[in-house]
Amino acid sequence: MNTMNKTQRYIFLSLLTAAALILSIIEGMIPLPYIAPGAKLGLSNIVILSVVVVFGFKDAFLVVVIRSILLMLIATNPITFIYSITSGIVSTIVMALGCKYLKNIFSLIGISVLGAMAHNSTQITVAAILFTTMDLYYYLPILSLVSIFTGCFVGYTAIFVTDNLEKTLLKLGREA
Amino acid sequence: MKKKINKYDMGLIAGIIIINVLLIVYGGSQFVKSNNKTAYIYSENRLVREYVITDDIADEITIESETGGYNRLRIEGGQIWIQDASCPDKICMYQGKISRNGEMITCLPNGLFIKIVDESDESGIDFIAE
């Protein structure tokens, strides 16, 4: 988005970071049936994926890091922080690469599924390193199946979000 | 950017589903029921307890982590499960009762890891990482 000036850009990114943070907190309040450790909706990924598409990788990276730090201070603990920041960063990298090189093949849904898979794999890898056991990879197939459903949902929502976000930003650019 | 789900997305999703269902089926076939099994209980990467589980044992163990958390384990009828825990999400409790070779319970916030190993199993598919 070249039509925005620096301040507008920062304001939008702060708003989106706040949205990601709030979605993360709300997600913790939604009771879900237990499937496997680490299985969750990943609602904040809607925001992250939209930022990747509309603003690009660098800004998405910032949003992920700031969201993880704030989430640790508000709702969770340092151990959860290690999981959330590493998997957040890796899934952002995967989604950014997907947006750059695979956007002619996959829609946002495919890219979001890839991001969700990367998120799970990283989380399990980090857990396997912390626990020094490879056994935890036993959870990976189940988590991957879950991530397909959440990934589709996140991708589908992100299509609408990016659509509206781009329209809003265009309007903003015309008024400026 | 494409706006709608297309055949490549479908292909990706179908591929992932098939691979993972196969992996789950394969993983499930690795579990064998036996009577000579040991529960290895790890806390923050240290083996804190080894427990030979038989059907007539009933016991309660409390494992405390260095960060001040605790997990109360219950062993009964050849099964082991977590009765109570200090962690906020209680995911370790939802993992239910484990009794078969290779099954495990993890509690990420407290760094607890329980794994059942069948000692009579000679195929050696499960070895303990020190």
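Tutor: Let's start between the chains. The crossing of helix 6 of chain A and helix 1 of chain B is left-handed. Keep in mind that this is a predicted model.

Student: At what angle do helix 6 of chain A and helix 1 of chain B pack?

Tutor: The angle is about 155°, and their axes are 8 Å apart. Angles over 145 degrees count as roughly antiparallel. Helix 6 of chain A is therefore roughly antiparallel to helix 1 of chain B.

Student: Which residues in helix 6 of chain A and helix 1 of chain B meet?

Tutor: From helix 6 of chain A, there are Leu140(A), Pro141(A), Ile142(A), Ser144(A), Leu145(A), Ile148(A) and Cys152(A). They meet Ile13(B), Ile16(B), Ile17(B), Asn20(B), Val21(B), Leu23(B) and Ile24(B) of helix 1 of chain B.

Student: How many of them are nonpolar, polar or charged?

Tutor: This contact has 12 nonpolar residues and 2 polar ones. No charged residues take part.

Student: New topic. How do helix 2 and helix 3 of chain A pack?

Tutor: Helix 2 covers residues 44-54 of chain A, and helix 3 covers residues 57-74. They pack at about 155°, with axes 8 Å apart. So these two helices of chain A are roughly antiparallel to each other.

Student: Is their crossing left-handed or right-handed?

Tutor: Helix 2 and helix 3 of chain A cross in a right-handed way. On the helix 2 side, the contact uses Ser44(A), Ile48(A), Val51(A) and Val52(A). Helix 3 of chain A brings Asp59(A), Ala60(A), Val63(A), Val64(A) and Arg67(A). By class, that contact has 6 nonpolar, 1 polar and 2 charged residues.

Student: Now the largest nonpolar core. Which residues there touch the most other members?

Tutor: Val51(A) and Phe55(A) do, in a core of 31 residues.

Student: Which element gives the most to this core?

Tutor: Helix 2 of chain A, with 6 residues. Other elements giving two or more residues include helix 4 (78-101) and helix 5 (108-131) of chain A, and helix 1 of chain B.

Student: Back to Val51(A). What does Val51(A) touch, not counting residues up to four places away in sequence?

Tutor: Val51(A) touches Leu13(A), Leu16(A), Gly56(A), Asp59(A), Ala60(A) and Val63(A).

Student: Last one: is Ser84(A) buried or exposed?

Tutor: Ser84(A) has a relative accessible area of 13%. Buried means under 20%, so Ser84(A) is buried. Ser84(A) sits in helix 4 of chain A. Leaving aside neighbours within four places in sequence, Ser84(A) contacts Arg67(A) and Ser68(A).

Technical notes
Residues are numbered from 1 along each chain as its sequence is written. Chains are lettered from A and ligands numbered from 1 in the order in which they are written. This is a predicted model: local features need pLDDT of at least 70, side-chain atom pairs count only at pLDDT 80 or more; totals for chains, interfaces and linings use all residues. Side-chain values use heavy atoms; hydrogens and water are left out. Axes are lines fitted to C-alpha atoms, for helices over the stretch in contact, and angles run from 0 to 180 degrees between N-to-C directions. Helices (H or I, at least four residues) and strands (E, at least two) are DSSP runs, numbered from the N terminus. Angles under 35 degrees count as roughly parallel, over 145 as roughly antiparallel, 65 to 115 as roughly perpendicular and the rest as oblique. A crossing is left-handed if the near helix is turned anticlockwise from the far one by less than a right angle, and right-handed if clockwise. Contact means heavy atoms within 4.5 Å. Ala, Val, Leu, Ile, Met, Phe, Trp, Tyr, Cys and Pro count as nonpolar, Asp, Glu, Lys and Arg as charged, and the others, Gly among them, as polar. A nonpolar core is a set of buried Ala, Val, Leu, Ile, Met, Phe, Trp, Tyr and Cys residues joined through side-chain atoms within 4.5 Å. Buried means under 20% relative accessible area, exposed over 50%, partly exposed in between (1.4 Å probe, protein chains only).
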